[in-house]
Amino acid sequence: MTRASALERLLAGPGRSERVTHVERIPRRTATEGDWPSWVWPLLVDRWRGQGVAQPWSHQVAVAELAHAGRHVVVSTGTASGKSIGYLMPVLSAIHEGAAHPSGRGATALYLSPTKALATDQLRALRELALTDVRAATYDGDTPREERDWVRAHANHVLTNPDMLHRSVLPRHTEWAPFLRRLRYVVVDECHIYRGVFGSHVAQVLRRLRRLCAKYGSEPVFVLASATVSDPAASGARLIGAPVEAVTSDGSPHGSLAFALWEPPLTDATGEQGAPVRRSVTAETADLLTDLVVDGVRTVAFVRSRRGAEAVALTARRSLDEVAPELSHRVAAYRAGYLPEERRELEAALQSGELLGVASTNALELGVDVSGLDGVIIAGWPGTRASLWQQAGRAGRAGQEALAVLVARDDPLDTFLVHHPEALFGKPVEATVLDPDNPYVLEPHLCAAAQEMPLKDPEDLELFGPTTAGLLPDLVRRGLLRHRPAGWFWTRRERASDLADIRGVGGPPVRIVEGTTGRLLGTVDSAAAHSSAHAGAVYLHQGESYVVESLDLEDSVAIVEAADPDWTTTARDLTDITIVEELRGVDWGPVRMSFGTVDVTRQVVSFLRKRILTGEILGEEPLDLPPRDLRTRAVWWTVDERTLADARVEPADVPGAAHAAEHASIGLLPLFATCDRWDIGGVSTALHEDTGRCTVFVYDGHPGGAGFAERGYATAAAWLTATRDAVEACECAAGCPSCVQSPKCGNGNDPLDKAAAVRLLDAVLCGAPGVAAVSAG
């Protein structure tokens with residue numbers, strides 16, 4: 001089945017052609033090959049040739065040569081571009097050279113991945129090379145204690161994750177001394193995943209690793225593997241704390257791809273404040289999957305939640321029962337949590353053609369080898385360009401022509417993207433955002449580093465960043481560190497590494513416990529618990545659905561019960577904000593653009609229940625939760641009365657205009673900063689007491705900030721231009737979830753003035769650098 005006929009099939013139904021806003025035809029790319037470097041272990045080359053890799057691709061050679069020369073490097077190329085061969089050339093060659101050492105490991109390597117599944121797949125690939133000099137092993141929470149002793153003493157290639165590095169390897173570095181002393185390479189795979197607060201923690205963990213390596217006399221080379229982002233060298237340097245060179249020219253081949261952008265139509269249904277509602281992304285995706293299966297197009301539909309994936313698969317099977325009953329058994333749902341053998345069965349069924357359609361969560365996005373697909377449907381913007389291309393890259397991986405379809409959700413960012421294809425297919429604009437200097441992140445890592453080895457001035461203060469010197473006196477005052485002429489020492493008996501939960505920040509995490517069994521399912525950040533673990537919330541764990549029965553804030557525990565609701569829940573909040581300090585600011589004519597520190601008081605007041613398949617709002621339930629105080633970072637802009645009057649925004653319209661602009665700008669910031677709209681919040685007011693003007697704030701939802709608001713300030717002109725364009729392009733009359741309505745608005749999305757918001761944003765952008773003059777009408 002050719003891509004043309006597959007796309008034609010999708011467009012054949014009534015009203016279908018109007019739903020496609022753009023088709024990008026990506027031509028077939030031929031391979032650019034290089035030569036195996038002369039220093040690569042000959043047996044390794046023979047093994048790869050035996051697996052069908054006759055010659056390396058150009059980017060693999062470039063990465064290998066830079067790493068071999070001792071330079072930190074990041075490779076930022078597409079899905080299935082063979083990044084692992086690039087870093088394995090120097091890593092395995094060094095391990096082979098070190099095998100002659102009396103200990104058998106004159107050189108060692110450390111591989112870090114964000115998930116255990118990815119490390120397991122990497123280990124399997126290493127073992128398939130059958131290299132006796134390479135003693136590779138995983139070291140994670142599932143590794144038995146006796147096996148951990150063997151890994152420390154004998155393994156020369158250890159595959160682990162940042163959590164284990166933080167909690168086990170670094171605090172017990174004396175036991176790892178022989179390994180660290182000979183550490184030549186550190187591979188950080190999928191490094192674009194390390195963003196926001198999690199990325200900031202990992203950045204400090206890697207600084208602690210570099211510090212201990214220096215103590216033992218080693219200076220490992222870092223090799224980072226990233227999806228395509230806007231400035232991989234800068235992001236990589238911020239992550240490891242040292243200069244990084246980037247390899248971005250992709251030498252791998254790829255079949256041609258037709259990539260369609262698809263916007264579901266508005267329906268007769270109405271939502272909040274009578275706003276029109278689009279057909280749900282779930283229903284639209286199910287229809288597209290049905291049509292492609294009927295045409296024999298082997299397709300995976302990526303859906304955000306397990307419940308959504310099951311709804312897509314079930315709806316597609318029911319449709320097939322009517323039009324092609326012999327095919328309905330060839331559609332399945334797939335989720336995380338499957339056993340390895342179950343994953344392999346699914347891969348085999350897809351590759352053999354036994355399965356023609358799969359609706360999956362992003363469990364298939366990382367670490368699962370599925371090639372030979374003819375089509376991919378992406379149900380809603382997956383959060384980052386990196387994820388989009390990892391999912392779309394599953395089509396055409398065997399070199400054949402393929403089809404990808406991005407189906408827009410009822411959301412401002414999705415609306416913008418399907419009407420601005422250059423944001424997807426042009427130069428990347430999103431950056432991997434992290435803020436290692438956040439004091440809420442840095443302080444616990446300074447304590448952990450001091451327990452590992454006393455902190456010294458000036459070398460450690462330089463390593464951990466410019467805010468370190470200002471934080472140490474506070475840690476001394478609180479009795480966590482003691483200052484002596486020889487440095488800063490940890491004072492307590494407990495483990496300092498326990499102060500930092502690297503996947504969260506701001507208070508003890510809330511434990512999610514299954515009421516009937518007492519089983520601990522997971523944890524939620526304290527800051528996020530009010531929004532995601534309140535009574536009545538739907539909680540997802542490894543694709544399984546639970547409903548929260550109760551939330552005990554005093555004991556930091558939420559009790560849940562297994563359930564299978566056909567709805568999702570969304571918390572709604574009210575927020576007040578005060579400015580503590582403007583750290584940076586610039587005048588755009590009469591408009592002031594600022595970045596700084598703010599105090600936020602936020603209270604979750606209710607939650608909405610929304611049906612998965614149709615998007616229908618089922619109701620709003622009140623909640624009685626205390627307000628939370630947060631000191632964080634924000635970007636904000638202020639507009640004076642004269643500018644508002646010149647833009648024809650009447651005084652009575654200012655609250656609705658600012659409110660609509662706030663909602664839309666929150667929705668669009670993830671295009672520029674690798675965040676989710678739930679990572680950030682906003683406040684708008686016609687007259688703010690700290691500025692005396694109409695002010696719109698967008699703030700980081702994490703204590704101390706996460707770098708998202710700072711990225712908004714740095715890209716403000718482009719960000720607010722995209723916001724304005726998204727609002728204006730939406731075909732609704734007065735505002736809807738696709739442009740200015742927010743699912744988490746505690747004011748019930750009232751007031752909102754879509755037309756006045758466009759005029760307000762035009763006025764804001766009039767004096768912005770690099771922005772062409774826009775009409776205020």
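Modeller: Let's start with Glu310, which sits in helix α12 (residues 306-323); helices here are DSSP runs of H or I with at least four residues, strands are E runs of at least two, and both are numbered from the N terminus. Keep in mind that this is a predicted model, where local features need pLDDT of at least 70 and side-chain atom pairs pLDDT 80 or more, while totals for chains, interfaces and linings use all residues. Numbering runs from 1 along each chain as its sequence is written, and side-chain values use heavy atoms, without hydrogens or water.

Glu310 counts as partly exposed because its relative accessibility is 26% (under 20% is buried, over 50% exposed, in between partly exposed; 1.4 Å probe, protein chains only).

Moving on to a helix pair, the axes of α17 (439-452) and α19 (468-477) come within 10 Å and cross at roughly 65 degrees (lines fitted to C-alpha atoms over the stretch in contact, angles from 0 to 180 degrees between N-to-C directions). That makes α17 and α19 roughly perpendicular, a label that covers 65 to 115 degrees (under 35 is roughly parallel, over 145 roughly antiparallel, the rest oblique). Pro439, Leu442, Glu443, Leu446 and Cys447 of α17 meet Thr468, Leu471, Leu472, Asp474 and Leu475 of α19, with contact meaning heavy atoms within 4.5 Å.

Finally, 7 strands make an open, parallel sheet ordered β4-β5-β3-β6-β7-β2-β8, pairing needing at least two DSSP bridges. Its edges are β4 (136-138) and β8 (245-247).
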